[in-house]
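This briefing sets out the architecture of a single protein chain for computational work.

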Amino acid sequence: FMLFSGMSNPDLTDRIASYLGVTAGKVRISRFKSGEIYIHYEESIRNADVYIVQSLSHPVNEHLMELLFMVDAARRASARSINAVIPYFGYARQEKKDAPREPISAKVVADLLQTVGVNRVITLDLHAPAIQGFFNIPVDHLTALDYFTEYLKAKNLPNPVVVSPDAGRAKTAEKLATYLDTPFAIMMKKRPAHNEASITHIVGEVEGHTPIVIEDIIDTGGTIISVIEGLLEKGADDAFVCTTHPVFSGNAVDKLNHPGIREVVITDSIQVDLDRLPQKFHVLSVA
Ligand code: R5P
(Lines give C-alpha, C1' and ligand atoms only; values in the text may rest on other atoms or scores of the structure.)
Protein backbone atom coordinates (compact mmCIF):
# COMPACT_ATOMS: atom_id res chain seq x y z
CA PHE A 1 0.00 0.00 0.00
CA MET A 2 1.01 3.62 -0.39
CA LEU A 3 0.00 6.53 1.81
CA PHE A 4 -0.45 10.08 0.52
CA SER A 5 -1.50 13.33 2.12
CA GLY A 6 -3.67 16.12 0.81
CA MET A 7 -2.92 19.59 2.14
CA SER A 8 -5.44 19.58 4.98
CA ASN A 9 -3.71 17.45 7.60
CA PRO A 10 -0.09 16.52 6.78
CA ASP A 11 0.73 16.22 10.50
CA LEU A 12 -1.80 13.44 10.96
CA THR A 13 -0.52 11.70 7.81
CA ASP A 14 3.00 11.80 9.26
CA ARG A 15 1.74 10.30 12.52
CA ILE A 16 -0.08 7.53 10.62
CA ALA A 17 3.06 6.90 8.55
CA SER A 18 5.30 6.64 11.58
CA TYR A 19 2.76 4.41 13.35
CA LEU A 20 2.86 2.11 10.31
CA GLY A 21 6.62 2.41 9.89
CA VAL A 22 6.35 3.81 6.35
CA THR A 23 7.06 7.13 4.66
CA ALA A 24 4.25 9.08 3.03
CA GLY A 25 4.45 9.02 -0.79
CA LYS A 26 5.44 12.03 -2.85
CA VAL A 27 2.66 13.98 -4.48
CA ARG A 28 2.87 17.51 -5.77
CA ILE A 29 -0.14 19.66 -4.99
CA SER A 30 0.03 23.22 -6.23
CA ARG A 31 -2.11 26.03 -7.55
CA PHE A 32 -2.02 27.76 -10.91
CA LYS A 33 -2.21 31.56 -10.81
CA SER A 34 -5.90 31.22 -11.67
CA GLY A 35 -6.47 29.30 -8.43
CA GLU A 36 -6.95 25.98 -10.24
CA ILE A 37 -5.39 22.95 -8.55
CA TYR A 38 -2.56 20.87 -10.01
CA ILE A 39 -1.84 17.32 -8.78
CA HIS A 40 1.04 15.04 -9.75
CA TYR A 41 2.09 11.79 -8.07
CA GLU A 42 5.87 11.88 -8.21
CA GLU A 43 6.33 8.12 -7.99
CA SER A 44 4.62 5.12 -9.57
CA ILE A 45 1.39 4.03 -7.94
CA ARG A 46 0.56 1.31 -10.48
CA ASN A 47 -1.16 -1.64 -8.77
CA ALA A 48 -0.80 0.00 -5.36
CA ASP A 49 -3.51 0.20 -2.73
CA VAL A 50 -3.49 3.96 -2.36
CA TYR A 51 -4.59 5.63 0.88
CA ILE A 52 -5.18 9.38 0.65
CA VAL A 53 -5.54 11.25 3.94
CA GLN A 54 -7.59 14.41 3.57
CA SER A 55 -9.91 16.06 6.08
CA LEU A 56 -12.65 18.20 4.59
CA SER A 57 -11.78 21.05 6.92
CA HIS A 58 -11.52 24.77 6.21
CA PRO A 59 -11.21 25.76 3.36
CA VAL A 60 -13.54 22.83 2.77
CA ASN A 61 -14.16 23.33 -0.95
CA GLU A 62 -10.43 23.57 -1.73
CA HIS A 63 -9.75 20.41 0.25
CA LEU A 64 -12.62 18.57 -1.36
CA MET A 65 -11.47 19.45 -4.89
CA GLU A 66 -7.89 18.46 -4.03
CA LEU A 67 -9.13 15.09 -2.84
CA LEU A 68 -11.26 14.55 -5.94
CA PHE A 69 -8.34 15.34 -8.24
CA MET A 70 -5.99 13.13 -6.22
CA VAL A 71 -8.44 10.26 -6.58
CA ASP A 72 -8.88 10.88 -10.29
CA ALA A 73 -5.12 10.98 -10.85
CA ALA A 74 -4.67 7.76 -8.85
CA ARG A 75 -7.35 5.96 -10.84
CA ARG A 76 -5.88 7.07 -14.16
CA ALA A 77 -2.43 5.95 -12.95
CA SER A 78 -3.75 2.38 -12.46
CA ALA A 79 -3.82 2.24 -8.67
CA ARG A 80 -5.28 -1.11 -7.58
CA SER A 81 -7.59 0.47 -5.01
CA ILE A 82 -8.20 4.00 -3.81
CA ASN A 83 -9.02 4.49 -0.15
CA ALA A 84 -10.08 7.94 1.00
CA VAL A 85 -9.17 8.51 4.64
CA ILE A 86 -11.40 11.42 5.62
CA PRO A 87 -10.99 11.97 9.37
CA TYR A 88 -13.28 15.01 9.29
CA PHE A 89 -16.11 14.67 6.79
CA GLY A 90 -17.14 18.24 5.93
CA TYR A 91 -20.74 18.99 4.95
CA ALA A 92 -21.90 16.16 7.24
CA ARG A 93 -24.21 18.59 9.02
CA GLN A 94 -26.16 19.01 5.78
CA GLU A 95 -27.30 15.41 5.61
CA LYS A 96 -31.02 16.06 5.29
CA LYS A 97 -33.37 18.80 4.18
CA ASP A 98 -34.41 20.89 7.16
CA ALA A 99 -36.44 23.19 4.94
CA PRO A 100 -37.79 23.02 1.39
CA ARG A 101 -35.47 23.95 -1.49
CA GLU A 102 -32.24 23.01 0.36
CA PRO A 103 -29.57 20.61 -0.97
CA ILE A 104 -28.42 17.47 0.81
CA SER A 105 -24.79 18.49 0.56
CA ALA A 106 -23.33 15.42 2.32
CA LYS A 107 -24.94 13.24 -0.37
CA VAL A 108 -23.40 15.38 -3.10
CA VAL A 109 -19.95 14.91 -1.51
CA ALA A 110 -20.54 11.13 -1.30
CA ASP A 111 -21.63 11.03 -4.97
CA LEU A 112 -18.59 13.01 -6.09
CA LEU A 113 -16.19 10.72 -4.23
CA GLN A 114 -17.75 7.63 -5.80
CA THR A 115 -17.93 9.17 -9.25
CA VAL A 116 -14.19 9.90 -9.36
CA GLY A 117 -13.38 6.35 -8.25
CA VAL A 118 -13.00 6.00 -4.48
CA ASN A 119 -13.25 2.32 -3.52
CA ARG A 120 -13.43 2.71 0.26
CA VAL A 121 -13.91 5.51 2.75
CA ILE A 122 -12.39 5.52 6.23
CA THR A 123 -13.87 8.23 8.40
CA LEU A 124 -14.34 9.20 12.01
CA ASP A 125 -17.30 10.21 14.17
CA LEU A 126 -19.63 11.28 11.37
CA HIS A 127 -22.07 13.94 12.48
CA ALA A 128 -24.83 11.56 11.35
CA PRO A 129 -23.83 7.89 11.06
CA ALA A 130 -26.56 7.38 8.40
CA ILE A 131 -24.21 9.16 5.95
CA GLN A 132 -22.56 5.73 5.55
CA GLY A 133 -25.65 4.81 3.55
CA PHE A 134 -25.01 7.62 1.05
CA PHE A 135 -22.21 5.40 -0.30
CA ASN A 136 -22.45 2.11 -2.20
CA ILE A 137 -18.85 1.27 -1.30
CA PRO A 138 -17.46 0.15 2.08
CA VAL A 139 -17.30 2.88 4.72
CA ASP A 140 -15.28 2.27 7.87
CA HIS A 141 -16.83 4.53 10.47
CA LEU A 142 -14.34 4.82 13.33
CA THR A 143 -14.78 6.60 16.63
CA ALA A 144 -12.55 8.57 18.98
CA LEU A 145 -14.64 7.56 22.00
CA ASP A 146 -12.06 5.00 23.13
CA TYR A 147 -9.39 7.70 23.31
CA PHE A 148 -11.65 10.03 25.30
CA THR A 149 -12.54 7.15 27.63
CA GLU A 150 -8.91 6.27 28.29
CA TYR A 151 -8.00 9.92 28.87
CA LEU A 152 -10.91 10.62 31.22
CA LYS A 153 -10.56 7.37 33.20
CA ALA A 154 -7.01 8.37 34.10
CA LYS A 155 -8.37 11.65 35.55
CA ASN A 156 -10.47 9.94 38.24
CA LEU A 157 -12.94 12.83 38.24
CA PRO A 158 -15.14 13.34 41.31
CA ASN A 159 -18.84 12.76 40.66
CA PRO A 160 -18.72 12.90 36.84
CA VAL A 161 -21.75 13.10 34.55
CA VAL A 162 -21.56 12.75 30.78
CA VAL A 163 -23.57 15.47 29.06
CA SER A 164 -24.99 15.43 25.56
CA PRO A 165 -25.28 19.00 24.20
CA ASP A 166 -28.40 18.09 22.22
CA ALA A 167 -30.72 15.19 21.44
CA GLY A 168 -28.61 14.26 18.38
CA ARG A 169 -25.57 13.36 20.52
CA ALA A 170 -27.57 11.36 23.14
CA LYS A 171 -26.51 7.91 21.87
CA THR A 172 -22.83 8.87 21.86
CA ALA A 173 -23.16 10.33 25.37
CA GLU A 174 -24.87 7.18 26.58
CA LYS A 175 -22.03 5.07 25.16
CA LEU A 176 -19.36 7.22 26.82
CA ALA A 177 -21.29 7.12 30.10
CA THR A 178 -21.36 3.32 29.87
CA TYR A 179 -17.61 3.14 29.16
CA LEU A 180 -16.91 5.47 32.12
CA ASP A 181 -19.62 3.99 34.32
CA THR A 182 -21.25 7.37 35.04
CA PRO A 183 -24.77 8.79 34.73
CA PHE A 184 -25.60 11.00 31.76
CA ALA A 185 -27.73 14.06 31.03
CA ILE A 186 -29.13 15.59 27.83
CA MET A 187 -29.43 19.29 27.06
CA MET A 188 -32.23 20.36 24.77
CA LYS A 189 -31.09 22.88 22.16
CA LYS A 190 -32.83 25.08 19.62
CA ARG A 191 -31.23 26.97 16.75
CA PRO A 192 -32.82 30.40 16.18
CA ALA A 193 -30.46 31.02 13.19
CA HIS A 194 -27.41 29.47 11.46
CA ASN A 195 -24.45 29.20 13.88
CA GLU A 196 -26.63 30.21 16.86
CA ALA A 197 -27.75 27.87 19.63
CA SER A 198 -29.69 28.24 22.85
CA ILE A 199 -30.39 25.65 25.56
CA THR A 200 -34.02 25.27 26.58
CA HIS A 201 -33.73 22.66 29.38
CA ILE A 202 -31.71 19.76 30.81
CA VAL A 203 -32.87 16.17 31.28
CA GLY A 204 -30.84 14.54 34.09
CA GLU A 205 -29.03 15.50 37.29
CA VAL A 206 -26.00 17.81 36.97
CA GLU A 207 -25.91 19.77 40.24
CA GLY A 208 -22.65 19.18 42.14
CA HIS A 209 -21.35 16.95 39.29
CA THR A 210 -18.32 17.40 37.04
CA PRO A 211 -19.78 17.49 33.53
CA ILE A 212 -18.05 15.76 30.63
CA VAL A 213 -19.61 17.30 27.55
CA ILE A 214 -19.21 15.14 24.47
CA GLU A 215 -19.51 16.77 21.04
CA ASP A 216 -18.74 15.66 17.51
CA ILE A 217 -17.89 19.14 16.24
CA ILE A 218 -17.06 22.50 17.78
CA ASP A 219 -17.43 25.07 15.06
CA THR A 220 -18.16 28.61 16.27
CA GLY A 221 -18.30 27.42 19.90
CA GLY A 222 -21.83 28.81 20.27
CA THR A 223 -23.39 25.47 21.26
CA ILE A 224 -20.72 24.63 23.83
CA ILE A 225 -20.86 28.00 25.51
CA SER A 226 -24.63 27.88 25.88
CA VAL A 227 -24.27 24.32 27.25
CA ILE A 228 -21.63 25.44 29.76
CA GLU A 229 -23.73 28.39 30.88
CA GLY A 230 -26.78 26.15 31.26
CA LEU A 231 -24.75 23.71 33.36
CA LEU A 232 -23.32 26.42 35.63
CA GLU A 233 -26.81 27.82 36.13
CA LYS A 234 -27.93 24.38 37.36
CA GLY A 235 -25.07 24.22 39.87
CA ALA A 236 -22.65 21.95 37.98
CA ASP A 237 -18.85 22.27 38.41
CA ASP A 238 -16.60 23.47 35.63
CA ALA A 239 -16.64 21.02 32.75
CA PHE A 240 -14.47 18.83 30.58
CA VAL A 241 -15.35 19.31 26.93
CA CYS A 242 -14.47 16.51 24.49
CA THR A 243 -14.89 16.94 20.78
CA THR A 244 -13.59 14.86 17.91
CA HIS A 245 -13.49 17.60 15.28
CA PRO A 246 -12.04 21.01 16.27
CA VAL A 247 -13.39 23.08 13.38
CA PHE A 248 -12.84 26.23 15.49
CA SER A 249 -14.22 28.94 13.18
CA GLY A 250 -13.87 32.64 14.00
CA ASN A 251 -13.08 33.31 17.67
CA ALA A 252 -14.14 29.83 18.90
CA VAL A 253 -10.83 29.30 20.73
CA ASP A 254 -11.28 32.53 22.72
CA LYS A 255 -14.83 31.52 23.59
CA LEU A 256 -13.60 28.14 24.83
CA ASN A 257 -11.26 29.91 27.20
CA HIS A 258 -14.40 30.24 29.38
CA PRO A 259 -13.88 29.84 33.16
CA GLY A 260 -16.65 27.20 33.20
CA ILE A 261 -14.46 24.90 31.05
CA ARG A 262 -11.64 23.09 32.83
CA GLU A 263 -10.24 21.25 29.80
CA VAL A 264 -10.95 21.02 26.10
CA VAL A 265 -9.99 17.60 24.76
CA ILE A 266 -9.82 17.38 20.98
CA THR A 267 -8.38 15.04 18.36
CA ASP A 268 -6.08 15.70 15.43
CA SER A 269 -8.80 14.88 12.87
CA ILE A 270 -8.35 18.54 11.89
CA GLN A 271 -4.89 20.07 12.00
CA VAL A 272 -4.51 22.65 14.75
CA ASP A 273 -1.46 24.53 15.90
CA LEU A 274 -1.18 23.41 19.53
CA ASP A 275 1.28 26.22 20.32
CA ARG A 276 -1.47 28.73 19.55
CA LEU A 277 -4.02 27.10 21.83
CA PRO A 278 -4.40 27.92 25.54
CA GLN A 279 -2.92 25.40 27.98
CA LYS A 280 -6.20 23.76 28.84
CA PHE A 281 -6.46 22.25 25.32
CA HIS A 282 -5.32 18.64 24.92
CA VAL A 283 -4.94 16.85 21.61
CA LEU A 284 -5.40 13.07 21.39
CA SER A 285 -4.11 11.55 18.18
CA VAL A 286 -6.36 9.33 16.10
CA ALA A 287 -3.43 8.22 13.91
C1 R5P B 1 -24.64 20.12 15.76
O2 R5P B 1 -25.64 19.45 15.92
C3 R5P B 1 -23.26 19.66 16.08
O4 R5P B 1 -23.27 18.44 16.77
C5 R5P B 1 -22.53 20.69 16.88
O6 R5P B 1 -23.19 20.86 18.12
C7 R5P B 1 -22.49 22.02 16.18
O8 R5P B 1 -22.25 21.89 14.82
C9 R5P B 1 -21.46 22.91 16.82
O10 R5P B 1 -21.47 24.13 16.15
P11 R5P B 1 -21.15 25.49 16.92
O12 R5P B 1 -19.86 25.28 17.64
O13 R5P B 1 -21.06 26.51 15.81
O14 R5P B 1 -22.30 25.77 17.83
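The structure is a predicted model, in which local features need pLDDT of at least 70 and side-chain atom pairs count only at pLDDT 80 or more, while totals for chains, interfaces and linings use all residues. Residues are numbered from 1 along each chain as its sequence is written. The protein chain contains 7 helices and 14 strands; these are DSSP runs numbered from the N terminus, with helices being H or I of at least four residues and strands being E of at least two.

**Overall dimensions**

- The radius of gyration of the protein chain is 20 Å, close to the 19 Å given by the globule rule for 287 residues, so the chain is as compact as a globular protein of that length. The radius is taken over C-alpha atoms, and the rule is 2.2 Å times the number of residues to the power 0.38.
- Along the principal axes, the C-alpha atoms fill a box of roughly 60 × 45 × 35 Å.
- Of the 287 residues, 42% count as buried. A residue is buried if 20 or more other C-beta atoms lie within 10 Å of its own, exposed if 12 or fewer, and partly exposed in between, with C-beta atoms placed from the backbone.
- Among contacts with a separation of 6 or more, 61% come from residues 24 or more positions apart; a contact requires C-beta atoms, placed from the backbone, to lie within 7 Å.

**The seven-stranded sheet**

- An open sheet of 7 strands has the order β10-β9-β8-β11-β12-β13-β14, with mixed pairing; two strands pair if DSSP finds at least two bridges between them.
- The edge strands β10 and β14 (281-284) each pair on one side only.
- From one strand to the next, the twist averages 25 degrees.
- Strand β13 (residues 261-267) runs parallel to β14, and 4 bridges join the two. Ile 266 stands opposite Val 283 in β14.
- Helix α4 (residues 145-153) packs on the sheet, touching β11 (210-218), β12 (239-246), β13 and β14, and its direction makes about 145 degrees with that of β13. Axes are lines fitted to C-alpha atoms, for helices over the stretch in contact, and angles run from 0 to 180 degrees between N-to-C directions.
- Helix α5 (residues 170-180) also packs on the sheet, where it touches β8 (160-164), β9 and β11; its direction makes about 165 degrees with that of β8.

**A residue within the sheet**

- Met 187 lies in strand β9 and counts as buried because it has 28 C-beta neighbours inside 10 Å.
- Leaving aside residues up to four places away in sequence, Met 187 touches Val 163, Ser 164, Pro 165, Asp 166, Ile 199, Ile 202, Val 227 and Gly 230.

**The β2-β3 hairpin**

- Strands β2 (residues 27-31) and β3 (residues 37-41) pair in the antiparallel sense over 5 bridges, and Tyr 38 in β3 is the bridge partner of Ser 30.
- The hairpin has 5 residues between its strands, and Gly 35 in the turn has a positive phi of about 100 degrees.

**The annotated site**

- The unreviewed UniProt entry carries a "binding site" annotation on Arg 191, Asp 219, Thr 220, Gly 221, Gly 222 and Thr 223. These residues span 33 residues in sequence, yet no two of their C-alpha atoms are more than 14.0 Å apart, so they gather at one spot.
- UniProt positions follow the numbering used here, feature names are shortened, and annotations may be inferred rather than shown by experiment.
- Arg 191 sits in the loop between β9 (184-190) and β10 (198-203), and its 13 C-beta neighbours inside 10 Å make it partly exposed.
- Gly 222 belongs to helix α6 (residues 222-233) and, with 19 C-beta neighbours inside 10 Å, counts as partly exposed.

Notes
Contact = placed C-beta atoms within 7 Å.
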